Structures are given as structure tokens and as C-alpha cells.
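Hi,

Here is the structure I promised to pass on.

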Amino acid sequence: MQIGNNIGILHGGDYNPDQWLDCPEILAEDIRLMKKAKVNCVSLGIFAWSRLEPEEGKYDLDWLADIIQNLYENGIYTILATPTGAMPHWLADRYEEVRQVGEDGIRYDIGKRHNYCPSSLIMREKTRQIDQKLAERFGRHPGVIGWHISNEIGNNGRDGACHCSNCQNAFRTWLKEKYGSLDCLNKAWWTSFWSHTYTDWSQIRSTSSRGEDLLHGLNLDWKRFASSQQLDFSKEEIRTVRSYSALPITTNLMAFFRPLDYFQWSKEFDFVSWDCYPDWHSGADELQTAAEAAASHSLVRSLKSESFLMMESTPSIVNWRDKNRLKRPGMHALSSLQAIACGSDSVQYFQWRKSRGSSEKYHGAVVDHKNGENTRVFRDVAQLGERLEQLSPKVIGTCNQAQIALIFDWENWWAVEDAKAIDNSIQYFPIFLSYFRPFWEMGVDVDIIDMTCDLDKYEIVVAPLNYMYRKGYAERVRSFVEQGGCYVTTSWSGEVNDTDLVYLDRHPLEDVLGIVPEEMDVPDGYCENCVEYQDKKYRIEGICGLVHTKGAEVLASYQHDFYAGYPALTKNVYGKGEAYYIASVNEADFLRAFYREILQRKGLGCRMQITFPMGVTVNERKDPNRQLWFVQNFNREAAEVELLACYRNIETGEQLKGKITLQSFECIVLEK
């Protein structure tokens with residue numbers, strides 16, 4: 001569902017007029033400035049519960065109605081939020097059970113946000129009441145184009161979970177439904193270790209540092225439950241809104257946000273959106289930050305295999321990092337167009353106008369505390385608004401269509417970092433990102449999927465650090481390769497099942513991979529090692545596996561230590577396809593060389609006829625009738641690219657071929 005179809009690319013962001021209701025001159029000025037900045041959509045009501053319901057059961061929606069109508073009359077649409085991101089004081093004071101309990105058993109005082117218990121029946125009822133009032137009043141307003149459920153759900157600075165008695169009981173009910181009996185649960189969790197066998201359901205409690213946190217099956221199921229219980233709360237909000245409004249519904253995700261499994265969450269929403277805050281200008285260059293941003297956009301796009309909304313970004317600066325840097329000239333337009341290039345149909349900001357007080361008063365916004373439109377940031381936003389207005393007719397309706405997928409799985413993430421194994425400092429996401437980045441550098445769009453997704457629409461599937469195999473996954477991989485797919489996986493994959501029990505006897509994909517894993521190592525200090533591939537040596541930078549071949553061809557070998565000569569990269573033909581096993585975590589140049597070889601043999605790669613240097617990349621958006629290329633320079637200096645065919649700049653109409661120069665932080669949009 002593409003919400004911007006009738007409006008174009010959405011441009012605007014979080015608007016909090018409830019903070020300025022006693023300043024009508026500021027509200028009037030907001031409208032003037034929004035029109036000047038080409039703002040066509042705002043998000044309203046996100047943290048407005050105490051304004052909308054100042055006392056229990058006493059609602060004040062008229063001010064919101066006036067704001068929505070005034071915006072609509074000025075050509076600005078509204079995505080209306082349910083206000084459950086933060087509770088009003090009267091609710092938390094009157095009903096203790098709505099407040100979360102930490103893993104230490106202490107109930108939190110009211111404060112901050114996302115501070116409610118998702119299992120509380122009172123919280124659910126009070127949420128239903130305010131959501132119903134909003135949906136009844138505004139669900140058919142012509143100025144409202146969509147619903148925004150809560151805000152950054154689970155982002156409370158803790159683990160996002162509540163450990164109160166209601167949640168403990170709900171957890172036990174969830175476990176009973178999953179396992180059926182304590183005997184099955186005990187076997188799945190291997191509770192005989194340390195004599196922790198459960199003999200009554202009441203003995204089970206959430207994972208906690210003051211109790212049990214070394215039972216990996218418990219840890220994994222608690223994370224699954226916490227994600228699903230919070231989703232169940234949100235589903236009640238969705239049901240309430242849908243009872244009174246047919247408008248599409250979303251919530252703002254946070255890309256690689258560890259507590260919530262977004263592949264499950266995305267199924268409940270009509271379209272997906274997310275909040276994008278890369279840490280630009282923080283390293284020796286912009287490339288790692290740009291690659292991470294591209295991976296995040298690609299993940300969100302892949303959740304529903306369609307375009308999405310970038311619901312929040314900053315036009316200048318944030319205030320919550322240790323050091324907060326301004327976006328340098330050009331970066332605002334480039335980072336915004338990167339989102340469009342990766343599948344976004346919007347550039348939205350947090351926030352429109354800076355708050356005067358509280359914790360985010362220095363967070364970036366379109367309108368500063370002083371100087372109104374006479375700021376660099378406002379001019380940048382207005383200029384981008386002009387560009388987006390021009391790009392809209394070409395962009396809306398197109399999307400990225402990847403032939404390659406990387407597997408990133410939330411449950412695997414939880415299991416990997418809880419494994420207590422060869423490297424207890426291991427982090428799943430950075431290793432995953434190292435497998436994504438070379439594709440991004442080569443201008444190759446990649447989908448990001450989990451182990452439950454369909455593999456058959458891809459030519460290549462890459463599954464790094466695929467430690468845990470979920471039910472049915474090995475069978476889907478086997479079928480994918482047998483039918484002609486190319487599968488790439490790594491060491492420390494296929495180790496455990498979906499209750500975190502180690503596989504016995506053999507690797508689940510031994511026949512497909514043609515290898516037998518034996519040991520794991522972490523080369524360090526005196527035993528540093530490298531691999532040789534295509535007559536070049538590459539440094540090992542993480543864990544490595546010792547494997548024996550069982551039919552696979554050896555493409556690279558270890559060079560040092562007692563396992564010199566052992567396979568480091570293997571290839572096995574299985575059915576009509578082929579499977580590769582990368583035994584070690586290597587320096588980036590190894591993957592660049594390996595990917596380049598596979599892409600050339602498969603006839604894949606960047607589909608634009610172009611050559612470009614490191615720091616320049618390409619994304620393609622298309623539909624059956626259009627093919628758009630976003631050529632982006634993330635270098636801090638100008639870069640030269642060569643167009644090997646004739647292309648037209650869709651903003652200027654200029655025909656381009658041969659060598660052209662992109663300025664620092666420049667993005668051009670071309671069609672052939």
C-alpha cells in the first residue's frame with residue numbers, strides 16, 4: 001500500500017501544536033513556513049494524551065480538529081497518531097498496575113515514555129477509549145490520510161519488557177500454548193542442566209539477572225514473548241482504529257531494533273515506516289554510516305516488499321549522542337535522497353519546530369528557536385522540498401526489485417549473542433553489515449529477509465552467522481539450491497535448533513554444503529591467521545571454523561597455525577544450484593573479491609551501465625514502464641564517474657554520457 005500515491009512524496013514530519021496552543025501567532029506562522037518549505041504532510045498527536053484527555057473520561061478534541069482542518073485547508077495532510085507513547089499522570093497515579101516493573105521486581109514511577117505494561121487490562125481499556133474517540137472523530141476527515149500507532153514502540157531505554165505479575169502470568173500462558181506440557185518444555189530448554197527442571201508452571205519466571213538468565217531456551221522464549229505481547233497490545237489499538245476508520249495504519253519502526261521482531265510486526269500494518277538517524281561525520285569517512293543507513297532502509301522495504309515511509313529523520317542534528325554534529329552542507333539532501341533511492345516515499349522530520357523545554361529542546365528541527373526561515377537548515381529543507389515535488393511524478397509507484405537477499409533473523413540475533421560460546425563479545429549486526437556493505441558499494445540492491453521468508457524469488461541468498469535454524473528452514477534452503485539457487489553461508493551456522501538445542505550427529509545442511517564442521521577458533525595474538533583466495537591473502541578478523549570437505553570443492557585455504565591448508569572457502573554443487581561455505585570472518589576485501597566473482601558468473605550486479613569509485617553508489621527504482629537510477633556520492637570530495645550509455649537527468653533534462661563529476665555529497669537521478 002503506497003500512501004503517497006495521491007499526494008506524491010510526503011514531506012513534513014512530527015508536528016506538536018499542543019505545545020503551542022497558547023501562542024496562536026506561532027501556529028499561524030507554522031502554516032506559512034510549511035507552505036514555503038513545500039511541506040504536504042505532518043504527523044499529529046504523538047505525545048498529546050494529556051491534552052486530549054486532561055482528566056479521566058473528559059476529552060478535549062476540538063483543538064486537534066481545528067489544527068487538522070486548518071492544515072487541510074492549506075494543502076497539508078495529517079497522519080494521526082494514537083497517543084499511547086507516553087501516559088498522562090492521572091492514569092499512572094490512579095492505576096498502579098499500568099506502570100512497568102523492571103527485572104529487579106521494582107515498579108517504575110511514571111516518567112519518560114513507553115512506560116506502560118502491555119498486559120494490564122486497565123491500560124488496554126484506557127487505550128481503547130482514547131483510540132475510539134480519535135477514530136470516531138477523525139477517521140473519515142478528508143485531511144487525515146493514515147494512522148500512526150503509538151511511537152517508537154518499546155524504545156524506553158530499558159529492554160522494552162515488563163516483568164510484573166500480569167506479564168509473568170501471560171508468559172506462562174504463552175508457554176503452555178507453545179509446549180503443551182512441562183515435560184516438553186523441560187526437554188526443549190534442557191533444564192536438567194544444573195538441576196533446574198520445572199515441576200510446576202508457577203515456578204517459571206522471566207529471565208532476570210537476579211534469578212535465571214543462563215537457561216538459553218528460557219532467554220529466547222522470553223524475548224519472543226516480550227515482542228509478541230507488545231505486538232498484541234498494538235493489535236488491540238489497530239482493531240479499535242479499524243472499527244471506525246478504513247484509513248491505512250502504520251507505526252514507526254527503528255530498523256535493527258533488537259527487542260522487537262519486525263518481521264512479525266510488519267504483518268499487522270498496512271504499510272511500514274521507520275525513524276532514521278545515521279551518525280554522519282563520525283568517522284574517517286561517511287561510508288560505514290551510509291552503508292548502515294542503506295541496510296536499514298533495505299530492511300524496512302523488505303518487510304513488505306514495497307515502498308515505505310521514512311517517518312522521522314533530522315534536518316540537522318540530534319541531541320542524544322555523546323557528541324552531536326551538524327549535517328555538513330549537502331548531507332541533508334543526500335541522506336534524504338538515499339532514503340528515496342532505497343524505497344522510501346517520504347522525507348519526514350522530527351520535528352517541525354524545536355520544543356522550548358525538556359529533554360529534546362536542542363534536537364534538530366526545521367524551525368529553530370530563533371530566526372524563523374532565516375537559517376541554513378530551513379533553506380536546506382525548502383530546497384529539498386522543491387526537489388521532492390519535482391521528483392514525485394517519476395518516483396511514486398516505483399520500487400527496488402532485488403535479485404539477492406541477505407538473511408537477518410531476530411530470533412537468530414537473540415540466540416547468537418546469548419550462546420556463551422567461542423567469542424562472547426560477538427555481535428550479530430556488525431558482522432551482518434560487513435556482508436551487506438560490499439553489495440552496497442557495488443550498486444547492487446539487496447533485500448533483507450528472515451528465515452521464514454520465501455527464498456525462491458532470489459538468485460542468490462547469503463546467510464551470515466546463521467547460528468540457529470528455525471523450523472523448516474533447512475528444508476527450504478535445500479529446495480532453493482536444488483532448484484538452481486546460489487546459497488552462501490558462514491561458519492557458526494546450523495549449530496542449534498529453534499529452542500537453542502545443539503544439533504547432534506551432523507550439520508542439517510551437510511549434503512547441501514558438502515562439508516563437515518568440527519571445531520571453532522578465534523585467531524588472536526600469536527595465532528593470527530589469514531586465508532588465500534585467488535592468489536591473494538586476506539586477514540582473518542573474527543571467528544573461524546575448521547571443516548572437512550565431503551564432496552565440496554576448496555576455493556580458499558588457511559595459511560598458518562596447525563590448520564594451515566584446511567578449507568576456508570568451499571563450493572558444493574547440489575542439484576541445479578550451488579552452495580558456498582565461508583569458514584572465517586575476514587577483512588572486507590575478501591568479500592569484495594568473492595562477491596565480484598559470483599556476480600560475474602551469475603550475470604548479476606549493478607544494472608546501470610556505469611563505473612564509479614569507492615564512496616559512490618547506485619540504487620535502482622523501477623516499475624514496468626520506468627527505470628530510475630539514484631547515483632550518490634558519499635565522499636567528502638568530488639568524484640568522477642563514467643556513464644557507459646546515455647542517461648537523462650530527470651530534474652534538469654540534461655543528457656549525460658561519458659565522464660561526469662559529482663560534487664561532494666551530491667545525488668543525481670537519471671533515467672535511460
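Before the details, one convention: two strands count as paired here if DSSP finds at least two bridges between them. Also keep in mind that this is a predicted model.

With that in hand, take strand E6 and strand E7 (residues 273-275), which run parallel and are joined by two bridges. Within that pairing, Leu253 sits opposite Trp274 of E7. Helix H10 (residues 287-304) packs on the sheet and touches E6, E7 and E8, with its direction at about 155° to that of E7. The sheet itself is open and has three strands in the order E6-E7-E8, with parallel pairing. E6 (252-253) and E8 (309-312) are the edge strands; each has a single partner strand, so one side of each is left without a neighbour in the sheet.

For contrast, here is a hairpin. Strand E24 (residues 639-649) and strand E25 (residues 655-662) pair in the antiparallel sense, over seven bridges. Glu640 is opposite Thr661 in E25. Five residues lie between the two strands of this hairpin, and Gly653 takes a positive phi near 80° there.

Now the whole protein. There are 17 helices and 26 strands. Does the radius of gyration agree or disagree with that of a compact globule? For 672 residues a compact globule would have a radius of gyration near 26 Å, and the protein has 26 Å, so the two agree. The C-alpha trace spans about 75 × 75 × 45 Å along its principal axes. Of the 672 residues, 60% count as buried. The accessible surface comes to about 26,500 Å², and carbon and sulfur atoms account for 46% of that. As for contacts between residues at least 6 apart in sequence, 72% join residues at least 24 apart.

I also went through the cysteines. As for accessibility, Cys276 counts as buried because its relative accessibility is 5%, and Cys453 counts as buried at 19%, since the cut-off for buried is under 20%.

Two other buried residues are worth a click. Leu465 is in the loop between strand E12 (460-463) and helix H15 (473-482). Is Leu465 buried or exposed? Buried, with a relative accessible area of 2%. Leaving aside residues up to four places away in sequence, Leu465 touches Asn412, Val416, Ile426, Tyr428, Ile431, Thr490, Ser491, Trp492, Ser493 and Ile543. The C-alpha atoms of Leu465 and Ile407 are separated by 9.4 Å, while the two residues are 58 residues apart along the chain.

The other one is Glu441, which lies in helix H14 (residues 428-441). Glu441 has 10% relative accessibility, so it counts as buried. Which residues does Glu441 touch, not counting those up to four places away in sequence? They are Arg592, Phe612, Met614, Val616 and Thr617.

That's what I have for now.

Cheers

Note on methods: Residues are numbered from 1 along each chain as its sequence is written. This is a predicted model: local features need pLDDT of at least 70, side-chain atom pairs count only at pLDDT 80 or more; totals for chains, interfaces and linings use all residues. Side-chain values use heavy atoms; hydrogens and water are left out. Helices (H or I, at least four residues) and strands (E, at least two) are DSSP runs, numbered from the N terminus. Contact means heavy atoms within 4.5 Å. Axes are lines fitted to C-alpha atoms, for helices over the stretch in contact, and angles run from 0 to 180 degrees between N-to-C directions. Buried means under 20% relative accessible area, exposed over 50%, partly exposed in between (1.4 Å probe, protein chains only). The radius of gyration is taken over C-alpha atoms; the globule rule is 2.2 Å times the number of residues to the power 0.38. Accessible areas come from the Shrake-Rupley method with a 1.4 Å probe; for residues, only the protein chains shown count as cover.
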